[in-house]
Amino acid sequence: MNQKVLRTLEYNKIVERLAEYAFGADTKERCLSLLPSTSLSEITNAQQQTKDAMNRSLKKGRLDCSGIKPLSSAIRRVEIGGTMNIEELLGLCKLLETARRVKAYGRKEREDFPSDSLSELFDGLEPLSPLCDEIRRCIISVDEISDDASSNLKSIRRSIRSTGDRIHAQLNQMLNNQNVRNCLQDFVITMRNGRYCLPVKAEAKSQITGMVHDQSSSGSTLFIEPMAVVNLNNELKELSIKEQDEIAVILATLSAKAGEYIPAIETDYQLLTELDFIFAKAAYALEYNGITPHFNTERKIRILKGRHPLLDAKKVVPIDISLGSDFDQLVITGPNTGGKTVSLKTVGLLTLMGQAGLPIPSGDRSELAVFDDIFADIGDEQSIEQNLSTFSSHMTNIIHILKEANEHSLVLFDELCAGTDPTEGAALAVSILSYFHSRGIRTMATTHYSEIKIYALTTSGIENACCEFDVETLSPTYRLLIGIPGKSNAFAISKKLGLSDTLIEDARTRISSNEQNFEDLLSDLEASRITIEKEQAEINRYKSEIAALKQQLKNKQEKLDESRDAILRKAKEEANQILQEAKDTADEAIRNFNKYGTTRPSIQEMEKQRTNIREKMAANEKKSSKEKDTAIYNPKVPKKLRIGDSVKVLSMNLTGTVHSLPNAKGDLFVQMGILRSQVNIKDLVLIEDAAPGSKKYAKTGAGKLKMSKSASVSTEINLIGKTVDEAIALLDKYLDDAYLAHLPSVRIVHGKGTGALRSAVQSHLKRQSYIKSFHLGEFGEGDAGVTIAEFK
């Protein structure tokens, strides 16, 4: 593809927007250098990968590749025995963490789920968890190496702290001496050049024995290292040097371990960059609602509901364009600003995007061809430097296209041969189109020349199209209509704008009868088309209404059938139950009759049994009446409920407490003892409070407890200086109070130190069921010295 066409069709803007969706620097560079391919297999594979990435993004959300960072220079240094610095090792760790996160994202939810074109890329990732975890164990941040990185480092830092404490003790003893205090400018311990000093007044320097390391800008203060701490400062300096040496050993050890996995690290980086690139295409395609087109090698274009991706999707009018099936040339006519140039650019740009592996903004079943090259002569290319007029510059470009284009090319002309004498320009345009038609080159051209319209009407394999224009509103509709030549509408527009009828009629007499007849024919065709479209739209509306009514009737009949079946089934069950009870009663009566026939019956006993049967019948009748009354009407339906209100559930004959407010359907949850059930508000009766005028929250101390907790619980707890056992006990009580106070999150200050208190705090948080998540503080929140915990 030539670079001029990429700029003309604004393909460069597409790849610039695509780069915004990439995470890695190399991925962004790859997006910016993306070019259309001419290999059908490469195009199909790229489109399939993008489609699969879109499907995964819709199911799982966008893939996060934010940890991708180039490490080629560091890896090359390690290969020759060099050492990575802290920043490079952390970059490697982030890369491996990203690989672990991406691999988990690509893992199938079930083993029987089919694989797609991206499965192999996800499977090829190797997170190298042991190496990643070791780096994280040793390096806390860019500025801090963990004490646990090595036993020697821990011992050295313990000695540093011990020596520092001894220095502070010695200097504090001096600060407490009244004679020394009189010599000091400030009662503080400071450091200069890595050594602990005291700020001494310049006039009293002779009274403090020691070495001067610095002085203030005014000269009134000297920073003196007392002789009492010189040896301790020397010892501290030696320990600092040992600390740096040990850190260098730790970095060298980690670099050596990383060197063992260089091939895997490079593979991870390549795969992550490839996945980042594919998912960037998918994210951009989802933004403009793109679809994967079908590709062919027969040079056929069939775009349905195509939209220019750089125009506002809410305002752009979709167009349907076909080329290469019934005709190989399409001549588009119509007034200015009607959308002719946009139609040309849409076809060219969507073809470039499709061949670059990007989905296109169009309807389903759209089809694109694979072209070896695309040529376009669009826009004003007048050149003052080369002394070329508009016509000359366009003709220079057209001559180049005539030389380079072949049957595997797509050619786009905007206002072909405009800018010169209309008669000569039209003749040239027809000759050029005839030449491309004879070679079977797919061509689209826009024009105002009537001669080209007639040429398209009278030549097989060439089709007219027009951009619709509404004369009543003097505005284009931007609809592309294939098969209909466009009308100039010059007279109609002029009349609408106020030009006198006399001048318009005079103008009509100045055009030839053939041209007048042709314009009249176009007007008749346009009027017929509008009438047919209105009738077709009305027919389609009637069809839609009939289909909707038919579906409503079907749904209603299905509901009636279901209700009828349910009623009959329930009636049969009740009838069977009644018959069974009647049979049981009859059997018992027969047994009693036989018994009383052989013995002398007791009138009292017989009356008792008859009374039992009568009471049973009355109870059943009362139960049926009660169910009927309850189901039909509840005169005490609560109009407004609040959480905590006491209610009675009629269907269950139980009392309870409102646990949630009604939803749109009137359903809510009621707590009845240990039973929590969802009921409808129509099944509830509000129970008035026993003490009139008493507030509802007076029944329980929960509200008061919540208010007192909210007022007294802080959003932060400081555990610095506490032992692990003391800190965990305080933290446990604090978390309970904060949770009862409904705080969304809390800030736990544990300091950096050795990391033991931080590990204990985070281990305790993991065991709490009401903790939603926690993480170390970010920059400005306290970094690794603070943990932020969020409640569910």
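**View 1. Antiparallel pairing of strands S17 and S18.** Strand S17 (residues 646-649) and strand S18 (residues 654-658) pair in the antiparallel sense over 4 bridges. Strands (E, at least two residues) and helices (H or I, at least four) are DSSP runs, numbered from the N terminus, and two strands count as paired if DSSP finds at least two bridges between them. Val649 stands opposite Leu654 in S18. The model is predicted, with local features needing pLDDT of at least 70 and side-chain atom pairs pLDDT 80 or more, while totals for chains, interfaces and linings use all residues. Residues are numbered from 1 along each chain as its sequence is written, and side-chain values use heavy atoms, without hydrogens and water.

**View 2. The open sheet of 5 strands.** The strand order is S20-S19-S18-S17-S21, with antiparallel pairing. Strand S20 (675-680) and strand S21 (684-686) are the edge strands, each pairing on one side only. On average, neighbouring strands of this sheet are turned by 45 degrees against each other, direction ignored.

**View 3. Packing of helices H3 and H12.** Helix H3 (residues 25-32) packs against helix H12 (residues 262-287) at an angle of about 50 degrees, and their axes are 9 Å apart. Axes are lines fitted to C-alpha atoms, for helices over the stretch in contact, and angles run from 0 to 180 degrees between N-to-C directions. H3 and H12 are therefore oblique to each other (under 35 degrees is roughly parallel, over 145 roughly antiparallel, 65 to 115 roughly perpendicular, and the rest oblique).

**View 4. Residues at the contact of H3 with H12.** Asp26, Thr27, Arg30 and Cys31 in H3 meet Tyr269, Thr273, Glu274, Asp276 and Phe277 in H12 (contact means heavy atoms within 4.5 Å).
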